[in-house]
Amino acid sequence: MHVFDMFKLNGKTALVTGGGRGLGAQIAEALAEAGANVVLCSRKRDVCEQVSAQLRDQGVQSLAFACDVTKPEDVARVVAQTVHHFGAIDILVNNSGATWGAPVVDMPLAAWQKVIDVNVTGTFLMSQTVGKAMIERKSGKIINIASIAGFGGTDPRLMDTIGYNTSKGAVMTFTKDLAVKWGRYNIQVNAIAPGFFPTKMSHVLIEMGKEQILEETPLGRLGGESDLKGAALFLASRASDYVTGEVIAVDGGVHAL
């Protein structure tokens, strides 16, 4: 097989949660550019539909659904409708996320639970539901979106986000454990740990700490609107068929410090 052919996704179907904006939209665009049909879902269907329309203009099929990934019935509905329309889900990207900034002693329990529910439980529910179909077909790619904040502690002056950091650490361990358990079914499970990318969720943090972020980033810049595409395509394609249980940091070198 020619090396370029290993990255083609023609005939594949990808489901991207939280695909209506930010990193999810960037990943969805990458998969569509490689030829995949892309299904987007989030709590706000309208933003997903805007991205979906742009992907259809590129010549691929794309659908948009409303979905709260913390609700099993929503997850089951979206997965069932996707399989009914396309026949299978080859690639799952668990990108939906939530955060909350507060000192540990002031963190409301409801806020903690929301972050854990979306980032961890949502990843579990979607992986579990899609995984049942992947196991039957003995084939699949699951990409979980973690964060460099999940590798360890963060300076509270920059990220006083213990719920978010904890959840992303859990996503990393979930990724590794699921990779071990589902390797026998030829399902590769990996994660991407982005650094600082300008998104709706991160804009306040970046606005307040941009100088510190840039000083602590070896490449000296924030993530751009194409910087996740390569890692996402690699993990979604045949090029990564012998890679599973990995967490790839896409952070401009922050994790290397």
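A search of the whole structure finds eleven salt bridges, where a salt bridge is a side-chain nitrogen of Lys or Arg within 4 Å of a carboxyl oxygen of Asp or Glu. The structure is a predicted model, in which local features need pLDDT of at least 70 and side-chain atom pairs count only at pLDDT 80 or more, while totals for chains, interfaces and linings use all residues. Residues are numbered from 1 along each chain as its sequence is written, and side-chain values use heavy atoms, with hydrogens and water left out.

**A salt bridge between K8 and D5**

- The side chains of K8 and D5 form a salt bridge, with 2.9 Å from N to O.
- K8 counts as partly exposed at 42% relative accessibility, and D5 is also partly exposed, at 26%; here buried means under 20% relative accessible area, exposed means over 50%, and partly exposed lies in between (1.4 Å probe, protein chains only).

**A salt bridge between distant parts of the chain**

- E29 and K229 are joined through their side chains by a salt bridge of 2.6 Å, taken from N to O.
- This pair links distant parts of the chain, since E29 lies in helix α1 (residues 22-33) and K229 lies in helix α7 (residues 229-236), 200 residues apart; helices (H or I, at least four residues) and strands (E, at least two) are DSSP runs, numbered from the N terminus.
- The two partners fall into separate classes of accessibility, as E29 is partly exposed at 26%, whereas K229 is buried at 14%.

- The side chains of E49 and R45 meet in a salt bridge whose N to O value is 3.6 Å.
- Both E49 and R45 belong to helix α2 (residues 45-57), where they stand four residues apart, which is about one turn of the helix.
- E49 is partly exposed, with a relative accessible area of 22%, and R45 is likewise partly exposed, at 42%.
- Salt bridges that share partners also join E29, E33 and K229 into one network.

**Cysteines without disulfides**

- The count of disulfides comes to zero, a disulfide being a pair of cysteine sulfur atoms within 2.5 Å.
- C48 takes part in no disulfide, and the nearest cysteine sulfur, which belongs to C41, is 6.4 Å away.
- C48 is buried, with a relative accessible area of 0%.
- For C67, the closest cysteine sulfur is that of C41, and because the two sulfurs are 4.3 Å apart, they are too far for a bond.
- C67 also counts as buried, at 3% relative accessibility.
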